[in-house]
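Reader: I would like to see how the words used for a protein model are tied to numbers. Please show me the structure, and I will ask about the terms one at a time.

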Amino acid sequence: MALNGKTAVVTGAAMGIGRSIAELLLQNGAKVAILDMNEAAGQSLVETLNKEHGPDRVLFLLCNVESGEEIKAAFQKTVETFGGIDILVNNAGIFNEIMWEKTIGINLAGCIRGAYLVIEHMNKLTGGRGGVIVNVASIAGIGLLSCCPVYTATKHGVVGFTRAFAAASVASGYGIRMNALCPGFAQTDLFSSVQSRLGQFSNLAGANQELIEKLGVLTSAEVVQGFLELVTDETKNGQALIVLPKEKKYATFPVSPTD
Ligand SMILES: NC(=O)C1=CN([C@@H]2O[C@H](COP(=O)(O)OP(=O)(O)OC[C@H]3O[C@@H](n4cnc5c(N)ncnc54)[C@H](O)[C@@H]3O)[C@@H](O)[C@H]2O)C=CC1
Ligand SMILES: CCCCC/C=C\C=C\C(=O)C/C=C\C/C=C\CCCC(=O)O
């Protein structure tokens with residue numbers, strides 16, 4: 001899939017990894033709707049991007065991914081403005097082991113909500129032109145971070161949802177691919193604010209600090225290296241791309257437990 005002229009929606013794109021994804025898509029010719037609940041950061045980013053890329057290629061829409069109604073309205077506005085949706089990036093996420101139900105509602109349920117609501121705009125069976133969804137998971141969706149079992153569970157959920165949805169879409173003929181991006185630690189607001197958001201297992205933060213030192217910390221710009229392949233390569237479906245400071249690789253999963 002060539003990106004030039006395509007329309008992308010990126011959730012949680014006012015800052016951090018989502019912002020880098022939105023910038024990369026714009027640099028490659030796509031039109032981008034930035035969805036975020038931080039209005040000030042979103043509006044300010046759009047002003048910057050309008051100057052860099054011209055006035056008609058980027059749109060900010062205030063949207064909390066905890067609300068199906070808000071996502072639905074944002075998708076509708078994107079279709080009215082740009083004529084369709086070809087790419088959805090479910091990136092919005094939080095790290096909060098204290099408010100763990102909210103973490104599930106944003107990181108996992110937000111991703112499912114976005115995917116299920118975009119089907120009506122992409123599904124080839126109902127007149128759509130197909131499309132691709134990328135879910136921003138984490139290497140915590142494949143390995144584990146002991147100080148945050150709930151964050152880990154949401155990211156494992158996102159990877160499992162990605163693999164099953166991809167298979168379901170092929171079997172149903174929807175023409176929608178779905179892949180997961182699984183970065184290691186990245187220097188963003190989420191990463192800098194974890195100390196005050198650890199919960200039940202905050203006693204394990206020290207051990208996880210050693211993991212940070214061992215793995216290193218990516219910049220947002222480094223995280224999105226490899227992202228384009230998940231969007232443009234039509235053979236990539238149900239894949240989880242691991243991005244670490246020194247390597248990128250696709251996750252391999254065990255064969256079916258019933259084989
Ligand atoms: N920073 C890291 O070390 C890593 C982050 N990730 C994942 O990357 C994604 C982005 O994280 P960062 O850029 O680090 O975070 P960030 O905190 O820098 O940015 C998150 C953005 O999402 C928005 N957001 C939060 N809740 C929202 C909601 N309910 N509705 C709409 N927008 C919402 C925020 O306003 C913000 O603009 C998350 O899914 C995170 O789990 C994955 C691996 C590592
Ligand atoms: C107090 C330390 C924890 C800080 C965590 C901050 C942000 C983490 C965001 C993530 O998405 C997690 C990123 C990387 C680590 C996840 C899993 C490590 C798995 C290692 C392995 O199994 O080999």
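Reader: Which helix gives the largest share of the shell around ligand 2?

Author: Helix α7 (residues 205-215) does, with three residues. A residue is near a molecule if its C-beta atom, placed from the backbone, lies within 6 Å of it. Helices (H or I, at least four residues) and strands (E, at least two) are DSSP runs, numbered from the N terminus. The model is predicted: local features need pLDDT of at least 70 and side-chain atom pairs count only at pLDDT 80 or more, while totals for chains, interfaces and linings use all residues. Residues are numbered from 1 along each chain as its sequence is written, and chains are lettered from A and ligands numbered from 1 in the order in which they are written.

Reader: How many residues surround ligand 2, and which are the closest?

Author: There are 15 residues around ligand 2, and S138, A140, G143, A205 and N208 are the closest. By class, the shell around ligand 2 has 10 nonpolar, five polar and no charged residues. Ala, Val, Leu, Ile, Met, Phe, Trp, Tyr, Cys and Pro count as nonpolar, Asp, Glu, Lys and Arg as charged, and the others, Gly among them, as polar.

Reader: Which residues come nearest to ligand 1?

Author: Of the 28 residues around ligand 1, those are G12, G16, G93, T188 and L190. The shell around ligand 1 divides into 15 nonpolar, 10 polar and three charged residues.

Reader: Why does V89 count as buried?

Author: A residue is buried if 20 or more other C-beta atoms lie within 10 Å of its own, exposed if 12 or fewer, and partly exposed in between. V89 has 28 C-beta neighbours inside 10 Å, so V89 counts as buried. V89 lies in strand β4 (residues 87-90). Leaving aside neighbours within four places in sequence, V89 is in contact (C-beta atoms, placed from the backbone, within 7 Å) with A8, V10, T11, I21, V134 and V136.

Reader: What makes T235 exposed?

Author: T235 has 7 C-beta neighbours inside 10 Å, and therefore counts as exposed. T235 is found in the loop between α9 (227-232) and β7 (240-243). The C-alpha atoms of T235 and R177 are separated by 9.1 Å, although the two residues are 58 residues apart along the chain.

Reader: Why is L62 called partly exposed?

Author: L62 has 15 other C-beta atoms within 10 Å, so L62 is partly exposed. L62 lies in strand β3 (residues 58-62). Not counting residues up to four places away in sequence, L62 touches M37, E39 and G42.

Reader: And why is I142 called partly exposed?

Author: I142 has 18 other C-beta atoms within 10 Å, so I142 is partly exposed. I142 lies in the loop between β5 (131-136) and α5 (149-172). Not counting residues up to four places away in sequence, I142 touches V159, C182, A240, I242 and A251.

Reader: How many residues does the largest nonpolar core have?

Author: The largest nonpolar core has 67 residues, and those with the most contacts inside it are V10, I21, V32, I34, L35 and L181. A nonpolar core is a set of buried Ala, Val, Leu, Ile, Met, Phe, Trp, Tyr and Cys residues joined through C-beta atoms within 7 Å.

Reader: At roughly what angle do the axes of helix α3 and helix α4 cross?

Author: The axes of helix α3 (residues 68-82) and helix α4 (residues 100-122) cross at roughly 35° and come within 10 Å. Axes are lines fitted to C-alpha atoms, for helices over the stretch in contact, and angles run from 0 to 180 degrees between N-to-C directions. The contact is made by G68, I71, K72, F75 and V79 of α3 and R113, G114, L117, V118 and H121 of α4.

Key: Contact = placed C-beta atoms within 7 Å.
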